[in-house]
Structures are given as C-alpha cells and as structure tokens.
Amino acid sequence: MGQETSGLGPIAAVETAEPDAAEHPELSRRGFLRGAALAGGGIAAATLAACAPGAAQPVWTYGPVRTTEPANGSPEPGAPTATPAGTPAASAVPTATPAPTNGGTIPPGWSSHDLNARTVVRRYVGNLAPAFEGIYGAEAFGKLVKILGAQEPYPELTAKPAFVQVPQLVLNDLLTPLQPELDGDTKVFRLTVDEIEWQVDELKPPLAVFGYNGQWPGPTIRVNQGDRVRAIFTNNLHETTSVHFHGVEFDDPFMDGVPFVSQEPFAPGEEFTYEFIARNPGSLMYHSHHNATDQVGRGLLGAFVVDRRNDPNKADREYVWISNDAVGGFTINGHGFPAVVPVLAAVGETVRIRFMNEGNMMHPWHSHGYTMRVVERDGHDLGSAAFECDTLGVNPGERFDALITADRPGIWAFHCHILPHVEGLDGMFGMVTSLIVVPEKEHVDAIVNALLA
Ligand SMILES: [Cu+2]
C-alpha cells in the first residue's frame, strides 16, 4: 500500500506459521490459540485493572492523578519532549503500567495521554499490524498505519500482541475443554485448587491468586445435557474451600457446594467429589462458594457448559467471556486490556459469546458496529423472547448467550460501558477488547498462525 517506510515488517510470519501439537495443550497458549481459530473454536478475551477491596491489593482501577500538563504545541520531529511514555523520566505522571517507548513524531496538540493511549493499542495489535495489509487491503491498511503511527517504527510493532505474552488459557476451552475420564457413563473430571501466580498483563507484576488446575479461569468443563458428571476437586490451598456448580438444578441438595448449608468445607490436602446429572443446559459456571468474596475474586471460577439437546442456536465460533472485577482488576478471562484476546470472525460467520459475570458489579458489554442477538439467559433458551441490543448488562452471577453475525470487515471495539472500567489517564485498560471481522475464514487462520509464529 505504498508505505515502504512504514516500519511495518514483512507479513511472512502470517503464512509460515506452522501449528504444532503442544505436549500440554491445557497449559499451552500456543495450543490453545491454535485450536481456537484453526478449528473454528472460541477465543475469548481478557482484561485488567482493579476495584480491589482491601488495602493490600493492587489498585489499577483509576489512573494516577492528572497533573497540569500543556499539550504539545510545536513538536520537532523526533525531538524528545515531555510526552514519550516509556522513558521513565519523560512522563510527568507516574504510570500505573510501565509504558514502552512511544517512538516517532509527536503530533501537534497531543499530550502524554495521547501517546500512552496509543501505546496501549500498539501493544494490543503488536506485530499483527503488518498482516492487516493482506487482509483489509491497501486503503484500509493505510488508515491503520496512520492511526497507529506506524509510518515510523516503534518497539511494539515487532512484539507479539500483549494477549500472546500472557497465557490465555481459557480461549480455546470451549473447543478443547477439560477431558473427562469415563466411569461407565459417568464423565469424571479431576481438578486441583491451586495457589498460583498470575499476570493480568505482561507488564504487571504477578499476583498471588488461586486457580483451578493452575489457571484463571479454570478449565472449561463441557458436557451434554443429561450427562452424569463427577467432578473431583483436590484442595492444594492452605485454607478450606468448596465448589458450587452455579445454575445446576441438582437432584441431590448435598451437591450444591455451600459450606454449612449443604456440606462441610474441605480442608487443605482433602478431596471432595461432586456428582450430579446435568439436567438443565446452557452457560453455567463453577466457582468457590466458601470465603467466596476472596476466593472467587482471587480466581476460583470457571465455565461449566452443558450443551442443549437440539440446540437451535448454532454458531461457527464460540467464545467464553468471564468477567471479574476484584483482585485482578477489571478482567475478562483473567486478563485486562491490552492483554485481551480479540473475538475473531470471518464475514458470513456467526459467533456465540457466552457472557458470564463472576464479579461483584454489573458490566454493560457494548459491541461497536454490531448488534448482538441475545438467545439465552442463565442457560434458558429465550426462544421467541430473544432480543437484539448493542449494550448488554450482565449482573453478577448472570450469564447471557449472544450471537453476532459478521457481515462487515473491520476492527470494532467491544467493551464494558462503565467508563472507569475501561479507560484511564493512560488510555484504555481493563474490560476492553475488539471484534475483528475479516473478509475470509482463511484470514482468521492467518492471524492465529501469525500469533503462534
Ligand atoms: Cu464494567
């Protein structure tokens, strides 16, 4: 597209990436991402920030206090100014996130906020940017180059997108969920409850949190309606816990997972077995139900998907989207923007997003450019009551299944519309991702291959 000096590298990586089988796909973001797109499965998203109750927790919800800083008036191209973030001394305000460098010319009228905001998006796009030329064509690519300031090279242009730099373990779980053993016709799932370190963003320090099978969210457990499920949890914490399968209509009330109501909590080193028939279908969840403000807020949560018999709502790709707003800040699937995986779709495809709110606040998810058709609430098929919207409030504990049919290519923002959950003085953070619609299915595969290269 005539941007020889754009700083954008060759896009060879897009074509040359070779998926290889990971030895431990459940722990491999490579295997995870690969399966997600190559087989038409889900990529979900992730985000960060914080609304942490408790003084010891990191506070990322809001950016630092703004200081009076004049806008950049008459920049010299390439000249150092007060604005480049990433040079620690260059920013007048401390940044919540160590910001990489913002190379290049500072446009007139811009402040450090603009540069930081651009840097965050540069981190989100990373070295995917060159691939967009072959996908969207020269004209659109030229606009993207200008928007990103990619006429001049910047470090993020050669780095993997932020969401590749931290594990995105949930993304493909709907495609390759936790594999059960079979005991007769009972599906047996084994999980551990672990103390883990977790980064919501590769530039954030690791958090001491919890996870099922060492990850946050825990692996997706997926069964068919009517299956008998046995889930065996081993408590590796230094405290007691319990597990509640949220939304399940139990025949046996003592499988409901609430300490001192339906069971005793199980202690460090102990196992507890939950066994039940998955009678009712839909997007359900599993999470701690003991000291849950802390334990769920610290990552003991996961998706429990029960496939409906004769599900009328077919989709080409599925995405689990579990939000939380506690210890890790404002997150989607345990991560915050820009370390949030985009929702990918090709024109003509329908994607199904399973919104699940494991947090303590309502989050209104807003899809730019696209209408969502909401087909299930709390696992109940809405049938003729299905509705369309572009902003879908999901309360704590609620789940909504929404379909989006991709018909127009583009990179469309997709975010919570409580603005302090998504944007601060350093630009976007937290509950933000995008819907990336590409013209052809092969482009989705190309993007994923580029990520894996
Ligand atoms: Cu929100």
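Here is a friendly conversation about the predicted model shown above.

Trainee: What should I know about the numbering and the kind of model before I start?
Mentor: Residues are numbered from 1 along each chain as its sequence is written. This is a predicted model, in which local features need pLDDT of at least 70, side-chain atom pairs count only at pLDDT 80 or more, and totals for chains, interfaces and linings use all residues.

Trainee: How many helices and strands does the protein chain have?
Mentor: Helices (H or I, at least four residues) and strands (E, at least two) are DSSP runs, numbered from the N terminus. Taken that way, the secondary structure of the protein chain comes to eight helices and 23 strands.

Trainee: What percentage of the residues in the protein chain is buried?
Mentor: A residue is buried if 20 or more other C-beta atoms lie within 10 Å of its own, exposed if 12 or fewer, and partly exposed in between, with C-beta atoms placed from the backbone. The protein chain has 453 residues, and the buried part of them is 51%.

Trainee: Which residues touch the most other members of the largest nonpolar core?
Mentor: A nonpolar core is a set of buried Ala, Val, Leu, Ile, Met, Phe, Trp, Tyr and Cys residues joined through C-beta atoms within 7 Å. The members that touch the most others, out of 99 residues, are Phe304, Val343 and Ile447. The largest share of this core, seven residues, comes from helix α8 (residues 441–452). Leaving aside neighbours within four places in sequence, the contacts of phenylalanine 304 are Ile221, Phe245, Leu284, Met285 and Tyr286.

Trainee: Which are the edge strands of the open sheet of five strands?
Mentor: Strands pair if DSSP finds at least two bridges between them. The order in this sheet is β12-β23-β20-β14-β18, with mixed pairing. Each edge strand pairs on one side only, and the two are β12 (343–346) and β18 (391–394).

Trainee: In which sense do β12 and β23 pair?
Mentor: Strand β23 takes in residues 432–438 and is joined to β12 over four bridges. Leucine 344 stands opposite isoleucine 436 in β23. The sense of the pairing is parallel.

Trainee: At about what angle does α8 run to β12?
Mentor: Axes are lines fitted to C-alpha atoms, for helices over the stretch in contact, and angles run from 0 to 180 degrees between N-to-C directions. Helix α8 lies across β12 and β23, and its angle to β12 is about 145°.

Trainee: Which residue is the bridge partner of glutamate 195 in β3?
Mentor: Strand β2 (residues 186–198) and β3 pair in the antiparallel sense over six bridges. Strand β3 (residues 207–212) is mostly covered, with five of its six residues buried. The partner of glutamate 195 there is phenylalanine 210.

Trainee: Why does asparagine 333 count as buried?
Mentor: Asparagine 333 lies in the loop between β11 and β12, and its phi is positive, about 50°, although it is not a glycine. Asparagine 333 counts as buried because its C-beta neighbours inside 10 Å number 32.

Trainee: What is the omega of the peptide bond from phenylalanine 337 to proline 338?
Mentor: Most peptide bonds are trans. Proline 338 has its place in the loop between β11 and β12. The bond from phenylalanine 337 is cis, with omega near 10°.

Trainee: How far apart in space are glycine 328 and leucine 207?
Mentor: Glycine 328 sits in the loop between β10 (317–324) and β11 (331–332). In sequence, glycine 328 and leucine 207 are 121 residues apart. In space, C-alpha to C-alpha, the distance is 7.5 Å.

Methods. Two residues are in contact if their C-beta atoms, placed from the backbone, lie within 7 Å.
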